[in-house]
Amino acid sequence: MPLARSLSFTSLSGLEEWDEEFDREDAVLFEIAWEVANKVGGIYTVIQTKARLTCEEWGENYFLVGPYMESSVRTQVELIEPCNAALRRTIDKMNSSGCKVYFGRWLIEGSPYVILLDVGFTAWSLDRWKSELWENCGIGVPWFDREANDAVLFGFLTAWLLGEFAAQCDEPPHIVAHFHEWLAGLGLVLCRQRQLPVATIFTTHATLLGRYLCAGNVDFYNNLAEFNVDKEAGDRQIYHRYCLERAAVRCAHVFTTVSQITAIEAEHLLKRKPDIVTPNGLNVKKFSAMHEFQNLHAQSKARIQEFVRGHFYGHLDFNLDKTVFLFIAGRYEFSNKGADIFLEALARLNYLLRVNHSDVTVIAFFIMPARTNNFNVETLKGQAVRKQLWDTAQTVKERFGKKLYESLLVGQLPDVSKMLDKEDFTMMKRAIFATQRQCLPPVCSHNMLEDSSDPILNCIRRIGLFNTAQDRVKVIFHPEFLSSTSPLLPMDYEEFVRGCHLGVFPSYYEPWGYTPAECTVMGIPSVSTNLSGFGCFMEEHIADPSAYGIYILDRRFRGVDESCNQLTSFLFQFCQQSRRQRIIQRNRTERLSDLLDWRYLGRYYVSARHMALAKAFPDKFIYEPQEPTSATGFRYPRPASVPPSPAHSLHSSPHHSEAEDEEEPYDEDLEAEKDRVNIRQPFNMLNRNKNQTVGLPEKN
């Protein structure tokens, strides 16, 4: 039954636990996505992290459906026989009809069941299925679009699986099929076209046309209502993909998207207002003691400092204890991810730090994969020189220690001038001469295949950040995802994030934004924008985001130059903080992780499934959501220790004493306790009564 309004994250406090639950014994949930056990993008993170909570809710009646990728299956999936008799008969029937369907457990938290469809094995049916798609739906797919061809094969196989499963069940089951993104959407269209007894949900994590339009440097958000969507999709040769996505949106019983900003976009580009907004969450692991994650930060920071010592050998004329590490990471979308505005802000920050004679140095890392052929020789040499200097220092230390020990044994105070002999000085002089370099520290750590046309490198050439001694801002472009096996920077992404001081993600197009969310969970402050789902979500639930280390950049109502000045101001203020102030801010940031836990945000998916069941099977299920109240109970107030001033306890000068810091009123336990009362305890899926009526309870 249609609803008069759509739920959004503003109604977070309105989604209470349900007093009455439905019987899941005869309900089965299939969640279909191209990124099930197949890491391609952010949807993989959504499905992987949400799996544990969904398994708790649905138990043995939850199945993930994805493509069979042999390389991924070998390391991520344990193939087993299906325990569900109807599903076993379904897979046997499909395999005997010319398909290859695999069943197993995905080796992640929750160990969900997965059904993997080999799209390549059924490629012989592609032409026949394309003809059927054209005849029944009026959608034509060109032969040269391999991704769309895979979507056709995957969609028909998914519809075949769901139809066969419904036919193999002894009693008609109540099937819920949740489809993610356009690559899986055709299966939903076919379910409705064939009138299968399936309650369907479609979630778009980013509209196809929106991503293409923003990549083309158009004024996207100010012209949302003006775009001729058919023409724009046709001009970009994605009309067939757009048709598949829009058909799935129109056919779904329930349409959801991941943020309010994407809901506005979907309403204009896909011509349907989402029924529910389902924000993305993470599995949050809380530490037993607050100082534990601070210790992890210190350990990871020390490892980054070691890399910096090698990278800047011969030009290490700055104090690493007064160095701030910033980073941006993600897909290499220069404008969409905000790398352009970040670089421009760094140039302005460099000027501010120099004219204010600041003793703070900023090192900005760009972790964005691009086409390379190998590591930069000068970068590798730097790490080799660093290691050689370390070995030399250890050798001299051992020789010095032995002489000191022997002197003390005979009861004499050591003569320091005789502790180091000529050979020791020779070793140290050789080591010092080895650190001499004739060139500046490299900006890029790899050899780029398209160096002359690379957007980041060209921007760096224009703004003149070449890592000179006069620059207070240094730049390191690492065009490869981080790995603990790298000979250059042997750290996993999570370890690297923990070691940095601030993540900067000034995105122009970001439907959700997992990178700042991951920073928040790890207690690392970050910069986001009011054009990202994460930024909008935090603005909704925090009275003063910057006090909690979440800096929201205005890219919706300001021009590029104004936004760049605002970002520069954020960065300059952050650089003025003392070490103690950064520790306090990290504590506050880490406390926000409760807001991003699937234990809270998973209730939106619960609501979407309830709504779909009520629409598909109105004689069995009822869904009666109440009008949401305000976000009371989920809105963090300004911390008591932050004075009500525009500076938010930041000093106006970069030079301040530790005595000033000590005078700031701050009680970590008291603040944490006040924040804890602003968020409810998570609900437990296992402790719920079963009933065939679905609804929301009355307010207490």
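**Exercise 1.** Describe how helix α6 packs against helix α9.

Solution. Helix α6 (residues 181–193) packs on helix α9 (residues 239–251) at an angle of about 50°, and their axes are 8 Å apart. Axes here are lines fitted to C-alpha atoms, for helices over the stretch in contact, and angles run from 0 to 180 degrees between N-to-C directions. Helices (H or I, at least four residues) and strands (E, at least two) are DSSP runs, numbered from the N terminus.

Next, classify the angle. Angles under 35 degrees count as roughly parallel, over 145 as roughly antiparallel, 65 to 115 as roughly perpendicular and the rest as oblique. α6 and α9 are therefore oblique to each other.

Last, list the residues that meet. From α6 come Trp-182, Gly-185, Leu-186, Leu-188, Val-189 and Arg-192; from α9 come Arg-241, Leu-244, Glu-245, Ala-247, Ala-248 and Cys-251. Contact means heavy atoms within 4.5 Å. Sorted by class, the contact of α6 with α9 has 8 nonpolar, 1 polar and 3 charged residues. In this sorting, Ala, Val, Leu, Ile, Met, Phe, Trp, Tyr, Cys and Pro are nonpolar, Asp, Glu, Lys and Arg are charged, and the others, Gly among them, are polar.

The model is predicted: local features need pLDDT of at least 70, side-chain atom pairs count only at pLDDT 80 or more, and totals for chains, interfaces and linings use all residues. Residues are numbered from 1 along each chain as its sequence is written, and side-chain values use heavy atoms, with hydrogens and water left out.

**Exercise 2.** In what order do the 6 strands of the open sheet lie?

Solution. The order is β14-β11-β10-β15-β16-β17, and the pairing is parallel. Two strands pair if DSSP finds at least two bridges between them. The edge strands, β14 (473–478) and β17 (550–553), each pair on one side only. From one strand to the next, the twist averages 25°.

Now take one pair. Strand β10 (residues 323–329) is joined to strand β11 (residues 361–367) by 7 bridges. Ala-329 stands opposite Ile-367 in β11.

**Exercise 3.** Which residues of helix α10 (residues 260–269) are buried?

Solution. They are Ile-261, Thr-262, Ala-263, Glu-265, Ala-266 and Leu-269. Buried means under 20% relative accessible area, exposed over 50%, partly exposed in between (1.4 Å probe, protein chains only). Their cover includes α7 (208–215), α8 (229–235), α9, β8 (254–257), β9 (276–277) and α19 (533–541). Just after α10, Lys-271 takes a positive phi of about 65°.

**Exercise 4.** Is Arg-603 buried or exposed?

Solution. Arg-603 belongs to helix α22 (residues 598–616). Its relative accessible area is 4%, so Arg-603 is buried. Arg-603 and Thr-278 are 325 residues apart in sequence, and 8.6 Å apart in space, C-alpha to C-alpha.

**Exercise 5.** How many helices and strands does the chain have?

Solution. The chain has 24 helices and 17 strands. Of its 700 residues, 57% count as buried.
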